[in-house]
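Good morning, colleagues. Please have the sequence and the model open as I speak.

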Amino acid sequence: MTAPDLPAELKAALEAKLHGLSRNDAAERATLISKTYRDGGTSGAIRSETDALAYALARMPATYAAVTASLNALTEIVPDFAPTSLLDVGAGPGTASWAAAEAFSSLSDFTSLDANSALRALALDLGRDSLRLGKMNYRRGDFSAALAATAAADLVVASYVIAELNETEQRALAGLMWAKTRDTLLIIEPGTPAGYARILALRAQLIAMGAHVAAPCPHDGECPLAAPDWCHFTQRLQRSRAHKQIKGAALSYEDEKFSYVALTRTPTTPHPARVLAQPVVSKVEVTAKLCTSDGLALARVPSRIKADYARARRWRWGDAVETPALGHSGKRDVP
């Protein structure tokens, strides 16, 4: 499993960019950019080198952690997946490309797409001295035109980009990305009800186009969750001093909530269950909310069955798990 923290090479490149930067100015810019995104805006608010760096310092660690967690989940299901080419759609400062490079030593061909010139410049600068990302092909332009002119890749990733598009554009982009996917497409969005809804809509669209879900779902059927519940996960990451300063944060860590789906050209087997919330552990039993190939289930693993209980005590939110006999099944029994 790849660690959720930024790799040393990227940390060094970011540190080098910090010289002469006003942390207060960067914090103000990062706050303004974040507000723009929360209000439904786009990366168009990022216009200068300082804007791009402020955004990267504030968001790159959490985005990297979410992409890494999603890739870890994917490789657990398909451990033999060894892509040689990556297409990073809506690449921004190149976060997903760095995460994929860490997850897959097999990757040698990196292509990125984004319309924002400031983020593109920063991505190229951060990767300039990297042995693997130094030759990244970063295309700037509209997604439709850029994708049409781009070769297909083994792995296509779109992280935190779908929200910038309207519903029609989202469907069009999903179709274009799938057309450029040789093997696996990974889409990651914020772990909010709205982010999950976008994931769910694209999941259904792509399954109808012949895709199969590798993670997190253990099936290709409809999501069994009902509102107000939604499928999301969390990844904890440590904050650097600069990260804390830019975000005006006191805590030394951050919990990034995200929703994702990894879709493949061919079905994957087996399909273990997915832990949908942090299990409740007591001396009597472990109780865990699971998504299984048969739908939702509430697993109750009693302590008297020592081996199963010991395994269940190690379950964490987001894990893919092999289940012992389940206590109660069905949506009605799941809190």
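In helix α1 (residues 8-18), the residues Leu10, Leu14, Lys17 and Leu18 meet Glu49, Leu53, Ala56, Leu57 and Met60 of α3. Contact here means heavy atoms within 4.5 Å. Helices (H or I, at least four residues) and strands (E, at least two) are DSSP runs, numbered from the N terminus.

This is a predicted model, in which local features need pLDDT of at least 70 and side-chain atom pairs count only at pLDDT 80 or more, while totals for chains, interfaces and linings use all residues. Residues are numbered from 1 along each chain as its sequence is written, and side-chain values use heavy atoms, with hydrogens and water left out.

By class, the contact of α1 with α3 has seven nonpolar, no polar and two charged residues. For these classes, Ala, Val, Leu, Ile, Met, Phe, Trp, Tyr, Cys and Pro count as nonpolar, Asp, Glu, Lys and Arg as charged, and the others, Gly among them, as polar. The axes of α1 and α3 lie 11 Å apart, at an angle of about 140°. Axes are lines fitted to C-alpha atoms, for helices over the stretch in contact, and angles run from 0 to 180 degrees between N-to-C directions. The two helices are therefore oblique to each other; angles under 35 degrees count as roughly parallel, over 145 as roughly antiparallel, 65 to 115 as roughly perpendicular and the rest as oblique.

How do α3 and helix α5 (residues 117-126) cross? Their axes come within 9 Å and cross at roughly 70°, and α3 and α5 are therefore roughly perpendicular to each other. From α3 the contact takes Ala52, Leu53, Tyr55, Ala56 and Met60, and from α5 it takes Ala118, Leu119, Leu122 and Leu126. These residues divide into nine nonpolar, no polar and no charged.

I turn to the cores. A nonpolar core is a set of buried Ala, Val, Leu, Ile, Met, Phe, Trp, Tyr and Cys residues joined through side-chain atoms within 4.5 Å. Buried means under 20% relative accessible area, exposed over 50%, and partly exposed in between (1.4 Å probe, protein chains only). The largest such core has 66 residues, of which Leu14, Leu71, Leu155, Ile188, Phe258 and Tyr260 touch the most other members. Helix α3 (residues 49-77) gives the most to this core, with 16 residues. Apart from it lies another core, of 26 residues, including Leu87 and Ile162. In soluble globular proteins, nonpolar side chains tend to be buried together.

Leaving out residues up to four places away in sequence, Ile188 touches Ala66, Val67, Ser70, Ala158, Ser159, Tyr160, Ile199, Phe258, Ser259 and Tyr260.

Beyond residues up to four places away in sequence, Ser97 touches Leu86, Asp88, Phe110, Ser112, Leu133 and Met136.

Ser85 belongs to strand β1 (residues 85-89) and, at 6% relative accessibility, counts as buried too. Among the residues that Ser85 touches are Leu107, Asp109, Leu155 and Arg182. Ser85 and Glu322 are 237 residues apart along the chain, and their C-alpha atoms are separated by 31 Å.

Ala172, in helix α7 (residues 167-179), is partly exposed, with a relative accessible area of 40%.
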